[in-house]
Amino acid sequence: MKHLLNLLAAVALLVWGTQLVRTGILRVFGASLRQIIARSVRTPVTAALSGVGVTAVVQSSTATALIVSSFVGQGLIALPAALAVMLGADVGSSVMAVVFSLDLSWLSPLCIFVGVVLYVPRPDTTVGRMGRVFIGLGLMLLALRLITEATTVLTQSDTVRALLGALASDLAMELTMGALLALVSYSSLATVLLTATLVGSGGIPVTVALGLVLGANLGSGLLAVLTTLRANVATRQVPLGNLMFKITGVALMAPLAAPWLQYMRPYVASDATLVVLFHLAFNCTMAVVCIGLTKPVARLVAHLLPAEEASATDTRPHHLDASALATPSLAISCAAREALHQADVVETMLQGIHTVLRTDDLKLSQELRRLDDQVDGLYSAIKYYMTKIPREALDEHEGRRWADIIGFTINMEQVADTIERILIDIEDKKIKKGLQFSEAGMEEINDLHARLLDNLRLAMSVFLNGSVRDAQKLLEEKARFRDLEHAYSATHLARLSDNSVPSIETSSLHIDLISELKRINSLLCSVAYPILESAGALAPNRLRAMADQA
């Protein structure tokens with residue numbers, strides 16, 4: 001029992017070390033890895049090479065799958081290119097399995113020592129996170145040595161030998177066992193390394209190990225599918241296509257396992273090396289065979305999982321990918337895109353105000369007011385999603401972006417609330433009473449409304465791009481809007497002095513409407529302040545005075 005517990009503890013240590021390395025790399029280099037993938041998808045070959053490189057660093061094809069799936073879900077790369085990246089990712093994972101199968105046990109104490117020295121004093125800095133990576137590498141190497149020692153003792157038991165012998169004659173059981181190990185450990189790399197170590201210590205026959213390796217590859221594909229089950233359709237397409245490739249690879253390589261042993265054994269020094277090389281051969285063969293099939297498989301996947309057609313009134317969260325939370329920089333990007341989706345709904349409400357004013361459409365007004373609940377729901381979803389992003393994993397720029405997103409979504413929620421109040425006033429003070437604005441008054445409202453729509457779109461651009469020039473322009477528009485509000489209030493009072501009946505009847509609504517539109521404009525223009533302040537362009541001048549007055 002003691003030796004079995006030692007083995008289980010060593011396996012757990014291997015899995016934990018893999019997790020430390022993966023999360024540490026993603027937190028330090030997540031943004032850079034995303035850029036590498038995004039810039040390398042022009043051809044299937046370059047896309048596959050980027051997958052090799054990224055996965056060799058991250059040491060997890062599953063993590064790469066989640067990143068690429070998020071890109072497809074956000075419309076940043078096409079599905080065929082994403083499938084090519086995944087073919088390369090599987091090759092990268094198998095290359096790392098070959099590296100770790102070498103005798104690197106002497107590196108274990110050095111990595112752990114260096115990692116602790118770097119991590120303990122500054123755990124929340126980039127240096128500390130790199131220390132976390134070194135600790136993970138050291139634990140992986142230590143775990144592989146402990147697994148070898150534990151299995152050497154266990155395989156001397158007659159009971160264990162009998163159990164292992166039962167696996168040797170059943171390929172289906174080997175595939176199932178390998179897939180389950182990959183699912184439980186959340187890593188095909190850990191499963192393959194465990195299998196190779198067991199073979200090297202005599203724990204299992206090499207014939208069983210090859211079946212477990214095939215199963216581990218199936219398990220990693222299934223793991224990505226299960227992880228993205230609750231994501232949108234576009235995000236789920238990549239794991240499904242990659243799983244199809246893996247099934248094809250298993251069908252091709254399973255009959256070749258016996259010839260592999262027959263012809264390669266004389267040239268390979270150890271059975272453990274034979275196992276990891278088989279894993280590498282499996283993924284290289286799959287990449288070569290399937291690289292030209294990315295487009296047909298993409299069409300098949302799109303047929304099996306057709307993309308959802310989002311309507312203009314569809315206000316469900318579209319971009320809050322839970323699988324992206326492991327990569328904070330990617331999660332920040334997802335939240336920003338969802339904030340823009342929230343702003344799109346607000347724009348629909350704002351556009352609808354003008355239609356309601358012109359047509360007195362009570363039904364449309366009520367439909368627009370119901371959109372306020374949807375904006376509130378999106379705000380809550382974004383806020384909850386943002387709280388799950390580990391703040392300690394964000395650098396200074398990402399931390400500012402985190403705060404900007406929260407501020408932007410709060411402003412959009414307040415704009416929607418203001419629009420709802422405007423619509424209620426229009427219903428009560430105009431539509432139900434059958435009143436109309438004067439021609440001059442309506443022209444003034446039309447002018448303010450058109451400027452407000454332009455400023456909303458400019459605010460969305462400033463939020464998305466962070467342009468200092470556009471931010472300055474937005475504040476200039478704020479000053480211009482305020483001047484117009486004063487001017488139009490004065491002309492309205494002049495019409496009252498002239499005893500204009502429509503102006504007298506709608507005076508209360510007219511003044512309130514102009515005031516509310518100004519309030520909305522102030523909320524929109526507040527997007528500019530963080531951009532200008534971070535750029536040092538918000539000096540104590542007239543713009544700063546305007547900010548204080550708002």
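**Helices, pairs and burial**

Me: What is the relative accessible area of arginine 519, which counts as partly exposed?
Reply: This is a predicted model: local features need pLDDT of at least 70, side-chain atom pairs count only at pLDDT 80 or more, and totals for chains, interfaces and linings use all residues. Residues are numbered from 1 along each chain as its sequence is written, and side-chain values use heavy atoms, with hydrogens and water left out. Buried means under 20% relative accessible area, exposed over 50%, and partly exposed in between (1.4 Å probe, protein chains only). Arginine 519 is partly exposed because its relative accessible area is 39%.

Me: Which residue meets arginine 519 in a salt bridge?
Reply: A salt bridge is a side-chain nitrogen of Lys or Arg within 4 Å of a carboxyl oxygen of Asp or Glu. For arginine 519 the N to O distance is 2.4 Å. The name is glutamate 516.

Me: Which helix holds both arginine 519 and glutamate 516?
Reply: Helices (H or I, at least four residues) and strands (E, at least two) are DSSP runs, numbered from the N terminus. The two residues are three apart, about one turn of the helix. The helix spans residues 507-525 and is helix 21.

Me: Which residues do salt bridges that share partners join into one network?
Reply: Arginine 519 and glutamate 516 lie in helix 21. Shared partners put three residues in one network: Arg421, Glu516 and Arg519.

Me: How many salt bridges does the structure hold?
Reply: Side chains of opposite charge can pair when their charged atoms come close. One of the bridges joins arginine 451 to aspartate 447, with the closest N and O atoms 3.4 Å apart. These two are four residues apart in helix 18, so about one helical turn separates them. The number of salt bridges is twelve.

Me: What is the relative accessible area of aspartate 447?
Reply: Arginine 451 is partly exposed because its relative accessibility is 26%. Aspartate 447 is also partly exposed, with a relative accessible area of 23%.

Me: How many residues apart are glutamate 427 and arginine 369?
Reply: The two form a salt bridge, with their closest N and O atoms 3.0 Å apart. Glutamate 427 is in helix 17 and arginine 369 in helix 16 (residues 362-387), distant parts of the chain separated by 58 residues.

Me: What is the relative accessible area of arginine 369?
Reply: Glutamate 427 is at 4%, so it is buried. Arginine 369 counts as partly exposed because its relative accessible area is 21%.

Me: How many aromatic pairs are there?
Reply: Rings of Phe, Tyr and Trp (its six-membered ring) pair if their centres lie within 6.5 Å; planes under 30 degrees apart count as stacked, over 60 as edge-to-face and the rest as tilted. By this rule the count is two.

Me: What angle lies between the planes of tryptophan 260 and phenylalanine 278?
Reply: Their ring centres are 5.8 Å apart, and the pair is edge-to-face at 65 degrees. Tryptophan 260 is in helix 12 (residues 257-264) and phenylalanine 278 in helix 13 (residues 271-290), 18 residues apart. Both are buried. The angle is 65 degrees.

Me: How many residues apart in sequence are the parts tied together by phenylalanine 408 and phenylalanine 463?
Reply: This pair is stacked: 4.0 Å centre to centre, 10 degrees between the planes. Phenylalanine 408 lies in helix 17 (residues 396-431) and phenylalanine 463 in helix 18 (residues 439-465), so the parts tied together are apart by 55 residues.

Me: Which residue has its charged end over the ring of phenylalanine 463?
Reply: A charge sits over a ring if NZ of Lys or CZ of Arg is within 6 Å of the ring centre and within 35 degrees of the ring normal. Phenylalanine 463 is buried, as is phenylalanine 408. The charged end sits 4.4 Å from the ring centre and belongs to arginine 401.

Me: What is the C-alpha to C-alpha distance between isoleucine 353 and isoleucine 426?
Reply: Isoleucine 353 is in helix 15 (residues 328-359). Its relative accessibility is 1%, so it counts as buried. Beyond neighbours within four places, its contacts (heavy atoms within 4.5 Å) include Ile426 and His449. Isoleucine 353 and isoleucine 426 are 73 residues apart in sequence, while their C-alpha distance is 9.0 Å.

Me: How many helices are in the chain?
Reply: Of the 550 residues, 52% count as buried. The chain has zero strands, and its helices number 23.
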